[in-house]
Amino acid sequence: MKRILLLLGLFLTLTTSIYAQRKSDLIAEVATLKMKMDSLNTEVTDARKKERVAQTESESFKSQVTELQDANATLLKSLTSFTEVSSKNSSNFNKAMEQLNEKERQLKAINDALASNDSTALLVLTNAKQTLGENAKIGVSNGMVIISSDLSTLFESDTKATLKTEAEPWIQKIGQLLAAHPSVAVTIEGLSMTGDLDLPAQQASSVRNALQKLEIAPDRITALGKDGNLKEGVLIKIHPKFDAFYQMVKAHMKN
C-alpha cells in the first residue's frame with residue numbers, strides 16, 4: 001500500500017513538474033508572440049503612415065500632372081496661335097515685299113523715263129545750238145529746251161501775226177530740229193506785256209502753222225498766248241510728250 005502511495009506521489013510530483021514546465025514554456029511563448037504582435041503592430045502603424053504619406057504624395061503628383069497637362073495644352077494652343085500668327089505675318093511680309101518690289105519697278109520705270117527725257121533734252125540742246133548757232137537764245141528749264149525770239153525777228157509788226165519772209169530760215173531750222181527728234185513735242189508760247197492774249201495766241205498759231213507745213217505732226221504742237229510778265233516775244237519749248245509720259249506712269253501705277 002505504501003508502495004502505491006509512493007508511486008502515486010511520484011506521479012503527482014512528475015505531473016506537477018511537467019505542468020509547471022509547460023506553463024513556463026507557454027508563458028514564454030505568449031511573451032514571444034506578444035513581442036512579435038507588438039512588432040507587427042508597429043510595422044502596421046508605420047505602413048499605414050507610409051500609406052498616408054504615399055497617398056498624399058500620389059494626390060500631389062496627380063495634381064502636378066493635371067497642372068502640367070493644362071500647361072501643356074495651353075502651350076500647344078499658344079504654339080498653334082503663334083504658328084498661325086507667324087504664318088500670317090510671313091504671308092503679310094511676303095506681300096509687302098512683293099508690293100515694295102513692284103513699287104521699286106514702277107519707280108525704276110519712271111526714273112528710267114525721266115533719265116531718257118533728260119538725255120533727249122541734252123541731245124536736243126546740243127543739236128539746237130548746232131542748228132541755230134551759238135548766238136541763238138537757247139536755255140534749259142525743267143527738262144525743256146527753250147528757244148526764244150523777239151517779235152521783230154518773226155513778224156512784220158509787233159501788232160501783227162503775219163510771219164515775214166526773213167523768219168522762214170529760223171522756222172525751218174526749228175522744223176529740222178523737231179524732225180530729228182520725233183519723240184519730243186513742242187509748245188509755242190506767244191508772250192504779252194499788256195495782258196491781251198489774243199494777239200500772242202495768233203502769233204503762236206502762225207508759227208505752229210508754219211511748222212505743220214514742214215510736215216511736223218499737229219498732235220506734237222501746242223500754241224497758246226501767255227502773260228509774259230513785262231516780256232514779249234515767242235518761246236519755243238521743246239519737251240517730252242507729257243501726255244504719253246503721263247499715260248506711261250499711269251499704266252505702271254495701275255499694273
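Are E189 and K237 buried or exposed, and which of the points below bear on that?

1. Starting with the answer: E189 is buried, and K237 is buried too. Keep in mind that this is a predicted model.

2. E189 and K237 form a salt bridge, with 3.1 Å between the closest N and O atoms. E189 sits in strand β3 and K237 in strand β5, so this pair ties together parts of the chain 48 residues apart in sequence.

3. E189 has another partner, K226, and here the closest N and O atoms are 3.7 Å apart. The relative accessible area of E189 is 7%, so E189 falls under the 20% cut-off for buried. K226 counts as partly exposed, at 36% relative accessibility.

4. Put together, E189, K226 and K237 make up a network of salt bridges. The count for the model is two salt bridges.

5. Searching the whole structure turns up one cavity of 30 Å³ or more. The largest cavity holds about 50 Å³ of space.

6. Who lines the largest cavity? The residues include N117, T120, A121 and V124, along with G143, M144, V145, V184, I238, H239 and P240. Elements giving two or more residues to this lining are α1 (2-132), β2 (144-149) and β5 (233-240). Helix α1 gives the most, with four residues.

Terms used
Residues are numbered from 1 along each chain as its sequence is written. This is a predicted model: local features need pLDDT of at least 70, side-chain atom pairs count only at pLDDT 80 or more; totals for chains, interfaces and linings use all residues. Side-chain values use heavy atoms; hydrogens and water are left out. On a 1 Å grid over the protein atoms alone, a cavity is a set of points where a 1.4 Å probe fits but cannot get out, and a pocket is an open set with protein on both sides within 12 Å along at least five of seven lines; lining residues have an atom within 4 Å of a point. Grid points are joined across faces, edges and corners, and a volume is the space filled by probe spheres set on the points. A salt bridge is a side-chain nitrogen of Lys or Arg within 4 Å of a carboxyl oxygen of Asp or Glu. Buried means under 20% relative accessible area, exposed over 50%, partly exposed in between (1.4 Å probe, protein chains only).
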